[in-house]
Amino acid sequence: MTIEQVPHWSQPSHPAFITIKTYKEGSFSKYATASNPIPANTVIGDFSAATPATEKAYSSVQVSETDHIELNSDLLYANHSCNPNVAFDTDKGEVRSVRDIKEGEPITFNYLTTEWDMAQAFICECGSERCLGEIQGARFIPAKALEGQHVNSHIRRLLEKRDASSGKA
Ligand SMILES: C[S@@+](CC[C@H](N)C(=O)[O-])C[C@H]1O[C@@H](n2cnc3c(N)ncnc32)[C@H](O)[C@@H]1O
């Protein structure tokens, strides 16, 4: 069972960009929203507070084929969307808006652009037209499902290897 993290960092960690809200009772019920309007291509945060994760968890972000980090900041509360408005760029160690974001809008990224095989799968509630349903990791989806999104280099390599070995490349 995955235990929900109790924030151990000073909050708010990104007040100009992130306001945390709660949308339901129970676990995993918080989400990051935009504190202010955020223009496209704005860096809203980085991985400077991150530490290596001893094991992958619902809260960790995969940064290479083998390594995972804990963010130790309010970036943790960015929910997944299949049509996201920010990119977690693990090669640069930064989080960028990929389009204009309105004040109050949920800040979301596509977990499948960082995670290969997730510790905790879930049924996506993003509601977007391109929603993929169950989110388990990039290894469970066709590469074309991520077309047009910022796909990190470790996920691109892993998809290429998988598809080469199964003759799909
Ligand atoms: C890194 S946390 C994101 C913040 C989380 N909502 C919280 O309150 O801690 C990832 C977890 O949030 C939930 N989650 C994130 N995006 C979701 C989505 N699109 N639909 C349903 N649950 C989601 C899942 O439980 C997932 O394991």
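Me: Helices (H or I, at least four residues) and strands (E, at least two) are DSSP runs, numbered from the N terminus. Where does that put Phe28?

Reply: Phe28 sits in the loop between S1 and S2. Before going on: this is a predicted model, where local features need pLDDT of at least 70 and side-chain atom pairs count only at pLDDT 80 or more, while totals for chains, interfaces and linings use all residues. Residues are numbered from 1 along each chain as its sequence is written.

Me: What about its phi?

Reply: Phe28 is not a glycine, yet its phi is positive, at about 55°. Asn41, also not a glycine, has a positive phi of about 70°. Asn41 lies in the loop between S2 and S3 and is exposed, because 11 other C-beta atoms are within 10 Å.

Me: Which residues are closest to the ligand?

Reply: Phe28, Lys30, Asn79, His80 and Glu125, out of 17 residues that surround the ligand. A residue is near a molecule if its C-beta atom, placed from the backbone, lies within 6 Å of it.

Me: Which strands supply that shell?

Reply: Strand S2 (30-34) and strand S7 (79-80) each give at least two residues to the shell.

Me: Switching to the whole chain. How many helices and strands?

Reply: One helix and twelve strands. Going from the N terminus, the order is β-β-β-β-β-β-β-β-β-β-β-β-α.

Me: What is the order of the sheet with S9 in it?

Reply: S3-S9-S8, an open sheet of three strands with antiparallel pairing. Two strands pair if DSSP finds at least two bridges between them.

Me: Which strands are at its edges?

Reply: S3 (43-46) and S8 (86-89); each has a single partner strand, so one side of each has no neighbour in the sheet. S3 and S9 (residues 94-97) are joined by three bridges, and Val43 has Arg96 in S9 as its bridge partner.

Me: What is the order in the sheet with S6?

Reply: S4-S6-S5, an open sheet of three strands, antiparallel again. Two bridges join S4 to S6 (residues 68-70), and Pro52 stands opposite Ile69 in S6.

Me: Next, Phe109. Why does it count as buried?

Reply: Because Phe109 has 25 C-beta neighbours inside 10 Å. Phe109 belongs to strand S10 (residues 108-109).

Me: Beyond neighbours within four places in sequence, what is Phe109 in contact with?

Reply: Ala78, His80, Pro84, Val86, Ala87 and Phe88. Contact means that the C-beta atoms, placed from the backbone, lie within 7 Å. Asn83 is 26 residues from Phe109 along the chain, and their C-alpha atoms are 7.8 Å apart.

Me: Last one: which peptide bond is cis?

Reply: The one from Gln11 to Pro12, with omega near 0°. Pro12 is in the segment before strand S1 (18-22).

Conventions:
A residue is buried if 20 or more other C-beta atoms lie within 10 Å of its own, exposed if 12 or fewer, and partly exposed in between; C-beta atoms are placed from the backbone. Two residues are in contact if their C-beta atoms, placed from the backbone, lie within 7 Å.
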